Protein chains: 2
Amino acid sequence: MFKVHNFSAGPGILPADVLKQASNACVNFENLNLSLLEISHRSKNYENVMDEARSIIKDLFEVGEDYEVIYLGGGASLQFAMVPYNLLSENGTAAYLNTGVWSTKAIKEAKIIGNTNVIASSEDKNFNYIPKDYSIPSDADYLHITSNNTIFGTQIKKFPKSPIPLVCDMSSDIFSRSINANDFTLIYAGAQKNMGPAGCTMVMVKKEALGKTGRKMLSMLDYQVHIKGGSMYNTPPVFPIYVTLLTLKWLKQNGGISWIEKINQQKSNVLYNEIDRNSLFHGTTSTDDRSQMNVCFLLNKPELEVEFDKLWKDANISGIKGHRDVGGYRASLYNALPIESVNVLVEVMKYFENKFT
Amino acid sequence: MFKVHNFSAGPGILPADVLKQASNACVNFENLNLSLLEISHRSKNYENVMDEARSIIKDLFEVGEDYEVIYLGGGASLQFAMVPYNLLSENGTAAYLNTGVWSTKAIKEAKIIGNTNVIASSEDKNFNYIPKDYSIPSDADYLHITSNNTIFGTQIKKFPKSPIPLVCDMSSDIFSRSINANDFTLIYAGAQKNMGPAGCTMVMVKKEALGKTGRKMLSMLDYQVHIKGGSMYNTPPVFPIYVTLLTLKWLKQNGGISWIEKINQQKSNVLYNEIDRNSLFHGTTSTDDRSQMNVCFLLNKPELEVEFDKLWKDANISGIKGHRDVGGYRASLYNALPIESVNVLVEVMKYFENKFT
């Protein structure tokens with residue numbers, strides 16, 4: 001059977017079984033003889049999907065009743081605004097760690113809403129490392145960090161011990177490794193990398209953090225409104241949430257985060273080892289901060305680009321062209337990518353080296 | 001073959017061909033051997049989808065270069081906030097016509113952003129008619145109306161001649177009948193009734209109306225940001241937009257709005273005629289304002305509810321229970337509902353009358 005090795009940075013690869021189930025639900029959802037796309041979100045069958053989609057997040061993160069989970073439309077970019085709108089008080093300050101394009105965008109939106117303090121940034125080196133030497137102001141309303149930087153291929157390996165509420169954009173590495181979710185006040189993630197398709201965003205938040213800004217709030221931007229409505233204050237993005245649930249069930253049924261963490265370590269080790277070994281490539285980031293999700297690398301001889309591109313395309317590899325801000329190549333190794341695909345890429349890199357050195 | 005007659009108020013029925021194509025795209029999109037759910041929204045194939053999804057709106061509405069079309073997440077409820085955020089100046093006033101639950105919600109959000117003037121309301125009679133005797137303040141920034149009221153089953157038959165920009169929530173009757181779209185400054189609609197599945201909202205706006213409020217704007221709430229990004233400022237709701245495009249192509253290929261308008265008239269005539277004729281039912285709304293999309297009716301003998309419910313369920317009719325604010329029954333006759341389904345419902349009503357009178 002024809003097989004594409006899908007290294008897309010996002011929307012990214014999803015498990016084949018999930019795609020098959022999603023396909024079936026489009027024509028006959030749970031034997032209702034109706035498509036999931038044409039039934040009420042208030043139907044019993046879909047209410048079950050929503051309940052399960054919310055509870056599985058808490059299962060996987062191992063958090064208790066003090067957290068709420070909601071699904072929203074609008075993408076993680078909308079959360080760049082909603083986080084300060086819900087957590088930054090009128091006269092308060094929000095602390096931000098700037099580790100890339102998405103952090104920078106989050107900071108831009110927060111500035112429209114209130115005061116910000118960028119406590120550290122790696123912009124000086126085109127975001128090729130994670131700042132570590134910074135202090136967290138104890139009087140700020142929260143600290144916002146980005147756990148993984150899709151574009152630059154860096155990842156926070158050790159989360160800061162924060163004296164203030166810790167908020168994290170985990171869009172590109174959620175559920176890829178063990179973390180202590182209880183250390184976070186708010187975690188959000190666009191679904192389209194490790195969780196599901198484009199079109200929904202998950203927000204998990206500690207209830208106690210909400211309702212404190214004194215701001216009169218627009219309903220759709222108010223986490224408390226969505227919590228109260230069980231993510232059905234208005235019609236939710238029905239199908240994206242369903243496919244997200246399928247993907248998370250796939251993860252859980254196969255062994256959960258401890259299972260996928262080992263595979264993700266293995267996948268990234270295999271690829272980084274080859275980048276380090278192969279005389280025709282080098283990595284773009286500080287070794288300590290290398291992302292297990294997005295592996296960025298450059299050709300040592302840029303004039304060989306056409307030749308290398310032909311080789312990986314011939315091997316049915318897809319989606320490894322680097323982002324324009326970094327250039328070169330980026331192989332995204334999200335949860336659903338099998339190690340076999342990484343092995344194929346490594347074989348191509350070895351063959352390329354043999355042929356051109 | 002088993003056939004469900006799907007009268008759901010929304011998410012509502014979609015054409016069977018569209019559902020089949022959507023199902024296929026989940027496993028193999030345009031013969032890429034990749035699912036639409038796992039490819040980049042920046043891929044050529046998807047950029048074509050987005051371009052076409054935007055241009056088909058302008059085709060169907062017969063508008064020119066002075067309009068822009070964008071697709072957003074968040075549902076029409078987010079537009080209740082975005083419309084005043086983008087069009088209501090700091091010291092201006094926005095005029096609203098209040099014809100139901102959704103209008104009321106739109107007004108609530110506008111009040112958080114600025115000054116509002118509700119120029120007429122049908123709340124006095126539980127929104128069972130459309131106010132007609134009102135004057136439009138020529139100094140307001142815009143007039144907001146709701147073309148069809150899903151919950152109460154009323155519809156504006158003749159749009160007001162407005163001296164100020166006319167903004168319309170067309171979520172539940174867009175593309176169901178001929179209108180002069182050039183009379184409107186902004187039209188928005190959640191996809192999940194007449195256009196596609198839940199998860200995306202279409203906004204068509206006259207460019208000249210934007211950028212005038214003086215408000216410093218959050219990026220995700222700024223129409224101009226999304227226009228500039230071609231609806232890809234951030235990752236869009238990929239699949240909902242694709243299915244919306246398929247549904248609009250189905251409409252266009254079958255004859256467009258003039259074709260569906262005749263069918264919709266026929267469907268609603270058949271059902272309203274039966275409600276008026278049948279001694280066991282009566283309609284809930286002012287006859288002049290009856291919606292062609294959502295037909296609300298009550299039993300004259302509420303004690304026969306169990307018997308009627310059994311009959312329509314046995315006929316494989318689905319989704320006709322009325323909204324809790326009105327009670328009784330609501331049959332939604334969206335574009336994709338075939339006249340055959342209406343005929344089955346009418347047969348059930350006739351049989352019910354014969355049996356119980």
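# Briefing: two chains, two domains

The domain assignment of chain A gives domain 1, covering 16–254, and domain 2, covering 256–356. Please keep in mind that this is a predicted model. Chain A is built from nine helices and 14 strands, and it meets chain B through 49 residues on each side. Chain A can be laid on chain B by a turn of 180 degrees, which is the relation of a two-fold axis.

**Overall form of chain A**

- The C-alpha trace of chain A spans about 65 × 55 × 30 Å along its principal axes.
- For 357 residues, a compact globule would have a radius of gyration near 21 Å, and the 21 Å of chain A agrees with that.
- Of the 357 residues in chain A, 52% count as buried.
- If you look at contacts in chain A with a separation of 6 or more, 69% of them are accounted for by residues 24 or more positions apart.

**How the two domains meet**

- Taken over C-alpha atoms, the centres of domain 1 and domain 2 of chain A are separated by 28 Å.
- Contact between these domains involves 25 residues of domain 1 of chain A and 24 residues of domain 2 of chain A.
- On the domain 1 side, the elements of chain A that give two or more residues are strand 6 (148–149), strand 7 (154–155) and helix 6.
- Helix 6 of chain A gives the most to that side, with three residues.
- By class, the side of domain 1 that touches domain 2 in chain A has eight nonpolar, twelve polar and five charged residues.

**How the two chains meet**

- On the side of chain A that touches chain B, two or more residues come from each of helix 1 (16–27), helix 3 (75–87), helix 4 (101–113) and helix 6 (238–254) of chain A.
- Helix 1 of chain A provides the largest share of this side, six residues.
- The residues of this side of chain A divide into 25 nonpolar, 20 polar and four charged.

**Symmetry of the pair**

- S23(A) comes closest to the rotation axis among the residues of chain A, with its C-alpha at 2.2 Å.

**The nonpolar core**

- The largest nonpolar core has 216 residues.
- Those with the most contacts inside this core are M202(A), M204(A) and Y242(A), together with M202(B), M204(B) and Y242(B).
- Leaving aside neighbours within four places in sequence, M204(A) is in contact with I57(A), F61(A), Y67(A), V69(A), L186(A) and I187(A).

**Backbone details to look at**

- The peptide bond from G10(A) to P11(A) is cis, with omega near -10 degrees, and P11(A) lies in the loop between strand 1 (5–6) and helix 1 of chain A.
- In chain B, the peptide bond from G10(B) to P11(B) is cis, with omega near -10 degrees, and P11(B) is found in the loop between strand 1 (5–6) and helix 1 (16–27) of chain B.
- N316(A) has a phi near 65 degrees, a positive value in a residue other than glycine.
- The loop that holds N316(A) runs between helix 8 (305–314) and strand 13 (317–318) of chain A.
- With 14 other C-beta atoms within 10 Å, N316(A) is partly exposed.
- E30(B) is not a glycine either, although its phi is positive at about 45 degrees.
- E30(B) lies in the loop between helix 1 and helix 2 (44–61) of chain B, and it is partly exposed, with 16 other C-beta atoms within 10 Å.

**The segment after helix 9 in chain B**

- T357(B) is placed in the segment after helix 9 (339–356) of chain B.
- T357(B) is exposed, since it has 11 other C-beta atoms within 10 Å and a residue counts as exposed at 12 or fewer.
- Not counting residues up to four places away in sequence, T357(B) touches S279(B) and L280(B).
- T357(B) and L280(B) are 77 residues apart in sequence, while their C-alpha atoms are 8.1 Å apart in space.

Key. Residues numbered from 1 in each chain as written. Chains lettered and ligands numbered in written order. Predicted model: local features only at pLDDT ≥ 70, side-chain atom pairs only at ≥ 80, totals over all residues. Contact = placed C-beta atoms within 7 Å. Helix = DSSP H or I, 4+ residues; strand = E, 2+ residues; numbered from the N terminus. Nonpolar A, V, L, I, M, F, W, Y, C, P; charged D, E, K, R; others polar. Rg over C-alpha atoms; globule rule 2.2 N^0.38 Å. Buried ≥ 20, exposed ≤ 12 C-beta atoms within 10 Å, placed from the backbone. Domains from an automatic or database assignment. Least-squares fit on C-alpha atoms with pLDDT ≥ 70 in both. Core = buried A, V, L, I, M, F, W, Y, C linked by C-beta atoms within 7 Å.
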